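Take a look at the model before you read on.

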Amino acid sequence: MSCDRSQLEPLVGEWDLEVLHPAPEIGRLVGASNAEWVLDGAFVVQRLTIEHPQFPDWLVVIGPADGDWAYHYYDTRGVSRTFRMRIEDRTWSFLRMGEDFYQRFTLEFAPDDSRFVARIDMSHDEGRTWSHDFDMRFSRVSPRP
């Protein structure tokens, strides 16, 4: 597989988002995200804010890595994580195999790129069993140019 930068285009823009968390004390949260090309289109930078004290603000840098994509995550807690990212049609898959725990998530884009849904799962036994963490729904704020 080769990295075609046009594959990242559906993410670029401004988004409203909601987090659907299974814990009743958290429940439904709202936030915003934006993604833009940087360094003459070499990378996409995504910023994300969720209006809840337990959810940090994010900054993500997405770029090519060994025939796939790398998704470099940083947050206001000082946490950084790197995910392997694959794009197949309207579905994006992410996997991180960290020493502390594994994470995976999947993005499914609507055919017109007006929205997407992300499901986030985690594993504490090196990927043998997975549990659902939370979901995120993104809605484009304005039409793409």
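Are Tyr71 and Phe83 buried or exposed? Keep that in mind for point 2.

1. Some housekeeping. This is a predicted model, so local features are given where pLDDT is at least 70 and side-chain atom pairs where pLDDT is 80 or more, while totals for chains, interfaces and linings use all residues. Residues are numbered from 1 along each chain as its sequence is written, and side-chain values use heavy atoms, with hydrogens and water left out.

2. Back to the question: Tyr71 is buried, and Phe83 is buried too (buried means under 20% relative accessible area with a 1.4 Å probe, protein chains only). Their ring centres are 5.7 Å apart and the planes sit at 85°, so this pair is edge-to-face. Rings of Phe, Tyr and Trp (its six-membered ring) pair if their centres lie within 6.5 Å; planes under 30 degrees apart are stacked, over 60 edge-to-face, and the rest tilted. Tyr71 belongs to strand S5 and Phe83 to strand S6, twelve residues apart (strands are DSSP runs of E, at least two residues, numbered from the N terminus).

3. Now try Phe94 and Phe105. With ring centres 4.1 Å apart and planes at 10°, this pair is stacked. Phe94 sits in strand S7 and Phe105 in strand S8, eleven residues apart. Both Phe94 and Phe105 are buried.

4. There are twelve aromatic pairs in the structure. Ring pairs also tie Trp15, Trp92, Phe109, Phe116 and Phe138 into a cluster.

5. Check out Arg96: it lies over the face of Phe101, 4.7 Å from the ring centre. That label needs NZ of Lys or CZ of Arg within 6 Å of the ring centre and within 35 degrees of the ring normal.

6. Strand S1 (residues 13–20) has two partners to look at. S1 pairs with strand S2 (residues 28–38) in the antiparallel sense over eight bridges, with Leu17 bridged to Gly31. S1 also pairs with S10, again antiparallel, over six bridges, and there Trp15 has Arg140 as its bridge partner. Two strands count as paired if DSSP finds at least two bridges between them.

7. Finally, the largest pocket has a volume of about 470 Å³. A pocket is an open set of points on a 1 Å grid where a 1.4 Å probe fits, with protein on both sides within 12 Å along at least five of seven lines; lining residues have an atom within 4 Å of a point. The volume is the space filled by probe spheres set on the points. Of its 29 lining residues, the closest to the centre are Trp58, Tyr73, Gln103, Ile120 and Phe134.

Conventions:
Helices (H or I, at least four residues) and strands (E, at least two) are DSSP runs, numbered from the N terminus. Buried means under 20% relative accessible area, exposed over 50%, partly exposed in between (1.4 Å probe, protein chains only).
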